[in-house]
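Please keep the sequence and the model in view while reading.

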Amino acid sequence: PSSASSNGVANVIGNATGEAADGRPRHQQSADPPEEIFELPPRYSSHSSSFPSSFRNNNAPPRRGVNDNGKARMSIHNGDDNHLDVFEMEGLITDASSSRRQQPSFSSVGAGRRLQTTAQNAHTCLQQHCAPLMAYCSLAWNPRNRSRSAIALLFSAFLCMAILTENDVIAWHNRISHTNHKKQDPLSKLTTDQRQSLLKTIYGTWTFYDGSADDRPTKPYMTVANAGNPYLDLSEDKFPLESWQADAVYANHFLDAVVKLVKRGQQAIFTTYHGYGLADVRVAKEKDGEEITVDYVVEDADKRTSQRYDMFHLEEVDLGTVTSAKELQLAAPSWEMRGGWTTKRSFDGLERRLTHAIMTNSNFTVVITGSWQSMGYGGNHAWQSMAGVFETLLKGLFEKLGVNLVVRAIGLPPPLSDVGMEEQMTLLDGGKSTLVHTLGWSSIYGSDVDMVVWDDYSAIDDDGESSHDLDELSTQLFDLFARQALLSGTTSLPFLWGGDFDVLRNLHEHADVDVGQLGNGLVGVQETTSENAAQGLPWAAQYLNCPKDMQKTCEKEKYQFESRCWVERSDVTPPIPQLDDIPILPSALGWRIQQLKGYALAYTFLVATLGALDKFSEITISQGFPLADEYWHMGEYIKNVQEKVKTLDESVAPHCFQLQEKMNLPKRLCRHKMNGRTEFTPRANPAQTSVRSLLDITQVPKTKPQLLYEGDDLENPVRAIPRGEVDTLEIFDLQGKRRLRQRLLGARNVTNTRNAANDNAYNNPDARYRRRMEAITPGEGWQLRHSYGDGCDGSLSSSTTCGRLSSSSCLLDGHQGSRGGIWGNETTGWLLLFDISTENGYIALNLEVGGREQTRRALHESLPDSFIFEYAVEGVIVTLEKSQFLEKLQQPVPGMGLLVVFDDDKSIEVKDVVIAVRVKGCDDDSECQFAVAHVYWS
């Protein structure tokens, strides 16, 4: 058709590679019938012998090959016997060169030939080295010779085995089982063009285009005004006839092309850990000597399909019957090591969100948050983290779907050195790292989030493995996090991955929230049983899944971390020496597990995308275009969940409400969204969500972080994929011919957080605190410190505008985490904060006083007895002496100093409130330094 075109060769995905191409979580589906049928060669099963015909079962299928004159020949296996005949002997006792010459041709790609193999590499090696010995043993065991030679031959065999050294045995074992991958890249004999041609022929490529692009509407129609609602839920009759959504020819070809693209993405992810599934790839020529073809052998299709399904299987759970984490383990054993679990209704909800993004050609925003370990700090580049891997894999793919995939990796960097060991261990327990941003969720994470991945689990448990169990406080904090995520959306509602099972179940059952927990796919990674064995595994799978006796070896830094802090360039000279690599911190997670988690998340996301596309296609086949409203509109869906979260009864979902007793958090904050400002990075919409955005222009610090240089970095050698290893993005066909482990894709993400009228309220301070009215004059000299600036939104692309300070000793780190604040002391006077719209009567500050992240005991010792802290709400000043200040300042989690300056549960009117803070009573200015790091309100 004139309006669209798609290359049919893409449909060989899953056939030539020997895999089914969907991997749906609820049931296993076979691959779609290919448009071109490739006749695959027979493959010995794992149960068949590797020895010649006389040793194999009588029921084995005939082997096909091609003889010297090009005619097909058959090798028929006759009945078994217990010794070799003369003809079989002639075939066994042969030199290596003749054995190689007897190997058949292979299945051909590109020329249309259908040639087939008679053996595989392992069988060939065994035939060359073991067959002569087996032949002699067979002759010796002949009844005529048995009595005279049996004992002598057996003794000789045992003697030969005894004199083999241990290294010889290991080398022999590795030669047969492991080293072929290292020494024989299956595509090594191909040129770059031949490699690209082969992979595109096998996996397919994107060739879709809009043949009627010139006829599409020029006036925007996907607008709030046209939809009549902020959710862009456009009714069917408002789509112009020329729009792609109403063009049946375009839409059908588009859906067909993107389905193949998504399946190819799933294939690519699996191939990274299991290889291409090709062997004996070689270049051949047709008889005329001109046309070049590539011949190859394909692995067993059913086996690869089964492996992929098992590796990324997402279990569907009925939370009506599964009521505890213990019962979950019985219903979905080992879900942590596969794709994870969710519910049917939840996964349908994720598919609806994706369909909405496709129909509206809008953003799909994913927030990934958690501990510094899960965010990839402590030895990795940002692009090596789970979030970085996920964004790199899928951003380009979703651009082809017309969707802007926005990924925000928002988490704290590792704690500072002056945090005590007890506080550090508390953070390692899990669940405590996200509170500092939770109290300002809608501003800091964003109000436009479609999916949240929460990964703040315990770094290490008693068994030395990651745990999904949370302690009581962490469970309560996660409930607060989840509720704030759900209430923060103005036009979106996030799917929740991760957290506490009980909290997720309560939200799912009583508020219709879409939930699940992600696995890491580790069950599908081959074990690294030794350092020699590792060399036979795909590069990404090495030193990843290790038995207990190999744990110490696999945990060696050289196997888990790989980084480089600087690449020399002529236009930039760092003012301070650069480290060779990123310093590795205890309990940090290396790039291998980070990549696996990112790939597992991406695979699950593609499963949901494929489900959305399948439904889109099935419905429009019978009902026509555009897609009917009830299958993709989100407005009522969002309002239903948010209303139920607001009215959740404490008796059925108690965890969040228990924080009032634990940390004096008002219960009403479990039902109302919170807003905030911070100087921590990264954050959503950073230019509008800083504390400086609340200041009068006269108090905004004049000095801001200055980038040492701008633009893209030079290629980091660490990104290069080792020769002979699978390049995932090459199969995605999103990177052309460049072979890099990770690359930034697309333009910089644009965050579009709506800062709606946030909240309001007034203060009623405790009567024991002194109050007075006086003129409050803005001070001078306040400074912005420890910040990376306003270019850090958590996306990989914003790394080019974030950090890169002249004081950095590792400019290529790429991480965006900083703990900035507006710093002052007694000489800087009052700091005034404007435009705080409070509705539910709550305002609080996150402060750093004296030193950075000091414990309460250290803070008590560092502040002079004359210390005074004052704050004012609408001109009403509250004065706190040292003891009063320390009593009022809460430290709910390490590294956080929460000071509530306004708490009025009777406030019901929206008001813009002005807050002011200052310190006094210090002889030494350094004693009374303090910073406003966060401002929270509701």
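The numbered points below go from the basis of the model to its local details.

1. Basis of the model. The model is predicted: local features require a pLDDT of at least 70 and side-chain atom pairs a pLDDT of 80 or more, while totals for chains, interfaces and linings use all residues. Residues are numbered from 1 along each chain as its sequence is written, and side-chain values use heavy atoms, with hydrogens and water left out.

2. Confidence. The pLDDT is the predictor's confidence in each residue, on a scale from 0 to 100. Its mean over the chain is 80, and 73% of the residues reach 70 or more. In residues 169-181 the pLDDT falls below 50, and this stretch has 26 contacts in the model beyond near neighbours in sequence; a contact means heavy atoms within 4.5 Å. Residues 734-773 also have a pLDDT below 50, with 168 contacts in the model beyond near neighbours in sequence. Where pLDDT is low, predicted coordinates should not be read in detail.

3. Overall make-up. The chain contains 27 helices and 27 strands. These are DSSP runs numbered from the N terminus, helices being H or I with at least four residues and strands E with at least two. Of the 938 residues in the chain, 57% are buried; buried means under 20% relative accessible area, exposed over 50%, and partly exposed in between, with a 1.4 Å probe and protein chains only. Among contacts between residues at least 6 apart in sequence, 79% join residues at least 24 apart.

4. Cavities. Nine cavities of 30 Å³ or more are present. A cavity is a set of points, on a 1 Å grid over the protein atoms alone, where a 1.4 Å probe fits but cannot get out; lining residues have an atom within 4 Å of a point. Grid points are joined across faces, edges and corners, and a volume is the space filled by probe spheres set on the points.

5. The largest cavity. Its volume is about 160 Å³. It is lined by 17 residues, and those closest to its centre are Ala-382, Ser-385, Ala-409, Gly-794 and His-815. Both α13 (386-400) and β11 (404-409) supply at least two lining residues, with α13 giving the most, three residues. By class, the lining has eight nonpolar, eight polar and one charged residues. Here Ala, Val, Leu, Ile, Met, Phe, Trp, Tyr, Cys and Pro count as nonpolar, Asp, Glu, Lys and Arg as charged, and the others, Gly among them, as polar.

6. Aromatic pairs. The whole structure has 28 aromatic pairs. Rings of Phe, Tyr and Trp (its six-membered ring) pair if their centres lie within 6.5 Å; planes under 30 degrees apart count as stacked, over 60 as edge-to-face and the rest as tilted. Phe-495 and Trp-497 form a tilted pair, 4.5 Å centre to centre with 40° between the planes, and both residues are buried. Elsewhere, ring pairs link Trp-441, Tyr-445, Trp-454, Tyr-457, Phe-478 and Phe-481 into a cluster.

7. Backbone points to inspect. Most residues other than glycine have a negative phi, and most peptide bonds are trans. A cis peptide bond joins Phe-625 and Pro-626, with omega about -5°; Pro-626 lies in the loop between α22 (591-623) and α23 (635-646). The bond from Thr-681 to Pro-682 is also cis, with omega near 0°, and Pro-682 belongs to the loop between β16 (680-681) and α25 (728-732). Tyr-543, which is not a glycine, has a positive phi of about 55°; it sits in the loop between α19 (531-534) and α20 (551-554). Glu-874 has a positive phi near 55°, in the loop between β23 (868-873) and β24 (876-881). Is Tyr-543 buried or exposed? Tyr-543 counts as buried because its relative accessible area is 3%, whereas Glu-874, at 31%, is partly exposed.

8. Two buried alanines. Ala-511 is part of helix α18 (residues 501-511) and counts as buried because its relative accessibility is 0%. Leaving aside residues up to four places away in sequence, Ala-511 touches Asn-506, Val-641, Lys-644, Val-645 and Leu-648. Its C-alpha lies 8.8 Å from that of Thr-647, 136 residues apart in sequence. Ala-684 is in the loop between β16 and α25 and is likewise buried, at 0% relative accessibility.

Conventions: On a 1 Å grid over the protein atoms alone, a cavity is a set of points where a 1.4 Å probe fits but cannot get out, and a pocket is an open set with protein on both sides within 12 Å along at least five of seven lines; lining residues have an atom within 4 Å of a point.
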